Amino acid sequence: MSLDAKIEFPVIEFRSSDLERGTNGWHQLCKKVREACETFGCFEVVNDTISTEVREEMFRLMKELVEVPVERKQKNTSPLPYRGWIGPCAQVSLLYEGFGIGDVSNFDSVKDFAQLMWPEGHPRFCDTAHTMGTQLEVLNKLIWLMLIDSYGLEDESLKMNYTTLMRMMKYMPPPPGEYEIGFFAHTDKPVSTLICENQISGLEIEVNGGQWIRLSNLSPSSFVFVVGDPLKAWSNGRLKAVNHKVMIRGDKDRFSIAAFVIPNKGTVIKTPKELIDEQHPRVFKDFDFMEFFSFAFSDPERRSDSGQLLNEFAALSPPVSN
Ligand SMILES: O=C(O)CCC(=O)C(=O)O
Ligand SMILES: [Fe+2]
């Protein structure tokens, strides 16, 4: 991927020959993933397990989805952040529109969503969204496994019950020549996220405290893995929760899909004891994920948060910088 000159954003290819756990190739891959997540808090995964046909079909269906009448879109509501429909608004951006499907690897959940949008039913949408969401869930699991192997931890250390929430987003082009915010700067509050886009760039990440780089030329078969605040807390601050935003320019609609890991009610985010020692004193208290999630979204004024909320909520003093 080409980027602003000196900074080499990590692009990691998951070759099937390296995906056998315990092999040399696997260990090298784990090391790369860990380094990327510690340094950048994200990386580009090049992986063809999610077929480009499924992905292209999903983007095509999203074009149909945004044409659904507003009255139906508004039926996609939820008290939980990330889930419901958000139309263009000042809190996010006048260029943004997003739809969430909770528990996307559960076919009934996708069907319920589709039923609201298309009361006559839309089997093709259901199949495609369910396939894509399920494959994203599998890919996320694989990356978690790489992280635990890279730290030499037991499988149990990063096990929790969760659902994958898939958000389908559209960003309209700004007026000609303008460069506008599509999604404010933030760190993700779910545990981790996988993002892909319809080859129209927009995602920018903060590096070296204050420098923004644009992830342009992401490969058509790649995803960006993003470390969220709870994963940073789990790792005792080793993994970086990357501050990111979406900036829009040009004259084409940008579509993106994000799969967020949302732990079930009652899940406690807890640093494994192996990650705590004299050189790495414990930086976060154990906390209930849902309490953190509610806290983070309780005040709309604080939506643009680059990691301070996690510190406020869970850091043992002194707080860790992002
Ligand atoms: O649309 C994108 O590429 C990213 C959106 C995002 O960061 C989010 O929804 O948390
Ligand atoms: Fe995000």
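Let me begin with a definition: two residues are in contact if their C-beta atoms, placed from the backbone, lie within 7 Å. On that basis, and leaving aside its neighbours within four places in sequence, Cys42 is in contact with Ile205, Val224, Phe225, Val226, Val227 and Val242.

What you see is a predicted model, in which local features need pLDDT of at least 70 and side-chain atom pairs count only at pLDDT 80 or more, while totals for chains, interfaces and linings use all residues. Residues are numbered from 1 along each chain as its sequence is written, and chains are lettered from A and ligands numbered from 1 in the order in which they are written.

Cys42 is also among the residues with the most contacts inside the largest nonpolar core, which has 79 residues; such a core is a set of buried Ala, Val, Leu, Ile, Met, Phe, Trp, Tyr and Cys residues joined through C-beta atoms within 7 Å, buried meaning that 20 or more other C-beta atoms lie within 10 Å of a residue's own. Helix H5 gives the most to this core, with nine residues, where helices (at least four residues) and strands (at least two) are DSSP runs numbered from the N terminus.

Turning to the strands, seven of the 10 residues of E4, residues 162-171, are buried, so E4 is largely enclosed by the rest of the structure. Strands pair if DSSP finds at least two bridges between them, and E4 runs antiparallel to E3 (residues 96-101), joined by six bridges, with Lys170 in E4 as the bridge partner of Glu97. E4 also runs antiparallel to E11, residues 254-263, through 10 bridges, and there Tyr171 has Arg254 as its bridge partner.

Conventions. A residue is buried if 20 or more other C-beta atoms lie within 10 Å of its own, exposed if 12 or fewer, and partly exposed in between; C-beta atoms are placed from the backbone.
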